[in-house]
Amino acid sequence: MVFRTKFTELMGIEHPIMCGGMHHVSFAELAAAVSNSGAMGFITAVTQPTPEDLRKEIQKCKSLTKKPFGVNISFLPAAKPPDYEAYIDVVIDEHIPAVETAGQSPGKWIKMLKDKSAARWGKSLYVIHKCVNVRHANSAVALGADMISMDGYECAGHPGMDDVGGLLLFAVAAKQLKVPFIASGGVGDGNQMAACLALGAEGINMGTRFMASKEAHIHAKIKQALVDGDQTGTMTILRSNKNTERVYKNPQAMKCKEEEDKDPGNINVVIKYISGSLYKRSFQETGNTQDSVWSCGQVMGLIDDVPSVADLVHRIVTDAESTISSRLNGMLSSKL
Ligand SMILES: Cc1cc2nc3c(=O)[nH]c(=O)nc-3n(C[C@H](O)[C@H](O)[C@H](O)COP(=O)(O)O)c2cc1C
């Protein structure tokens, strides 16, 4: 049996699972492996130093899979923002079917993505906007987003300021959103996939779980840390900067939090800890889990191995199916 949802139908994929963009993790190899498994992979645009590097990464991904994959473009606060429009032009040029957007005030970019793709190809690409509360989700929909990736408090990356966990957030989203949504944050197995679909989601998004897969292009020691860690192994920083980030709990993250607490809201005191180049070195070169601040989610508590992406997706889908058809169905009875 397969799961048919609005997400699988719109994207033309087999399984209602996506791997959202992860800075310094979501390269062509991982995106292609996820898409080849029947789910949908995303390349992170701004991990690529220039728009032309993004084009090469997209072309590499096309050489590794014939199945649909997308691109993540995160519009996050930065002292020197990337040339987003140039990245968007490459995405349009390469005829990417879906973009995962993230960050504040996405309206201008959603309109640009929609207008430019329609002008070039006669049909707009799909925009899946990732956000952490239903009010922001509804604004993104009003601005043209086709789908929402709803990130609960458990998530790696940026859980926002509201601290609402997925179990409630997804149920509220199902009631209040007028477009399909994907459940994201803290999801790592088939039971959770069944639960997310039961709550009204049209699919699941996983980041941290896919980091601990063979095809994620990061150091083996980082993957092992995800296997060894549990659900208590993360912490949040940058709340006072209104840019809360969930990261792996280590001495660097704790020092960063200490400095933040001494001078809340002052980005200059924490900037030396959060530079992307530091965790890029841990991910790509040293595998040192302790000397940089890097994102991961509470779902570490469910990660026990480093499988291939194909095995992981197969396991999640078959477990979700048996949870629904055996466990849940077995609980239904017409007799008292
Ligand atoms: C190392 C890492 C880097 C990430 N970078 C980005 C990013 O650049 N843009 C983005 O929109 N989300 C980013 N995310 C968030 C993921 O796309 C996804 O929403 C999140 O991991 C879901 O939560 P989970 O890790 O509990 O599955 C990142 C996550 C991780 C673990």
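How many helices and strands make up the secondary structure of the chain? The secondary structure comes to 14 helices and ten strands, where helices (H or I, at least four residues) and strands (E, at least two) are DSSP runs numbered from the N terminus. The model is predicted: local features need pLDDT of at least 70 and side-chain atom pairs count only at pLDDT 80 or more, whereas totals for chains, interfaces and linings use all residues. Residues are numbered from 1 along each chain as its sequence is written.

**Overall form**

- The chain has a radius of gyration of 19 Å, which agrees with the value near 20 Å that a compact globule of 336 residues would have; the radius is taken over C-alpha atoms, and the globule rule is 2.2 Å times the number of residues to the power 0.38.
- Along its principal axes, the C-alpha trace spans about 65 × 50 × 40 Å.
- Of the 336 residues, 48% are buried. A residue is buried if 20 or more other C-beta atoms lie within 10 Å of its own, exposed if 12 or fewer, and partly exposed in between, with C-beta atoms placed from the backbone.
- Among contacts with a separation of 6 or more, 66% join residues 24 or more positions apart; two residues are in contact if their C-beta atoms, placed from the backbone, lie within 7 Å.

**Domains and their interface**

- The chain is divided into domain 1 (6–218 + 311–331) and domain 2 (222–286), with bounds that come from an automatic or database domain assignment.
- The centres of the two domains, taken over C-alpha atoms, are separated by 23 Å.
- At the interface, 16 residues of domain 1 are in contact with 14 residues of domain 2.
- The side of domain 1 that touches domain 2 has ten nonpolar, six polar and no charged residues. Here Ala, Val, Leu, Ile, Met, Phe, Trp, Tyr, Cys and Pro count as nonpolar, Asp, Glu, Lys and Arg as charged, and the others, Gly among them, as polar.

- The largest nonpolar core has 98 residues, of which Ile-43 and Ile-182 touch the most other members. Such a core is a set of buried Ala, Val, Leu, Ile, Met, Phe, Trp, Tyr and Cys residues joined through C-beta atoms within 7 Å.
- Each of domain 1 and domain 2 supplies at least three residues to this core.
- Beyond residues up to four places away in sequence, the contacts of Ile-182 include Phe-7, Met-18, Ile-128, Met-147 and Ile-204.
- In helix 4 (residues 84–93), the buried residues are Tyr-87, Ile-88, Val-90, Val-91 and Ile-92.
- Those buried residues pack against helix 3 (51–64), strand 3, strand 4 (98–103) and helix 5 (107–121).

**Shell around the ligand**

- Of the 29 residues around the ligand, Gly-20, Ala-102, Gly-157, Gly-207 and Gly-297 come nearest; a residue is near a molecule if its C-beta atom, placed from the backbone, lies within 6 Å of it.
- Strand 3 (70–75) and helix 9 (208–211) each supply at least two residues of the shell, and helix 9 gives the most, with three.
- By class, the shell has ten nonpolar, 15 polar and four charged residues.

**Positive phi values**

- Most residues other than glycine have a negative phi.
- His-24 has a positive phi near 65° and lies in the loop between strand 1 (17–19) and helix 2 (28–36). His-24 counts as partly exposed because it has 19 C-beta neighbours inside 10 Å.
- Leu-238 also has a positive phi, near 65°, and is placed in the loop between strand 9 (234–237) and strand 10 (245–248). Leu-238 is buried because 21 other C-beta atoms lie within 10 Å.
- His-95, which follows helix 4, has a positive phi near 55°.

- Thr-236 is in strand 9 and counts as partly exposed, with 16 C-beta neighbours inside 10 Å.
- Leaving aside neighbours within four places in sequence, Thr-236 is in contact with Thr-244, Glu-245 and Arg-246.
- Thr-244 lies in the loop between strand 9 and strand 10 and is partly exposed, with 19 C-beta neighbours inside 10 Å.
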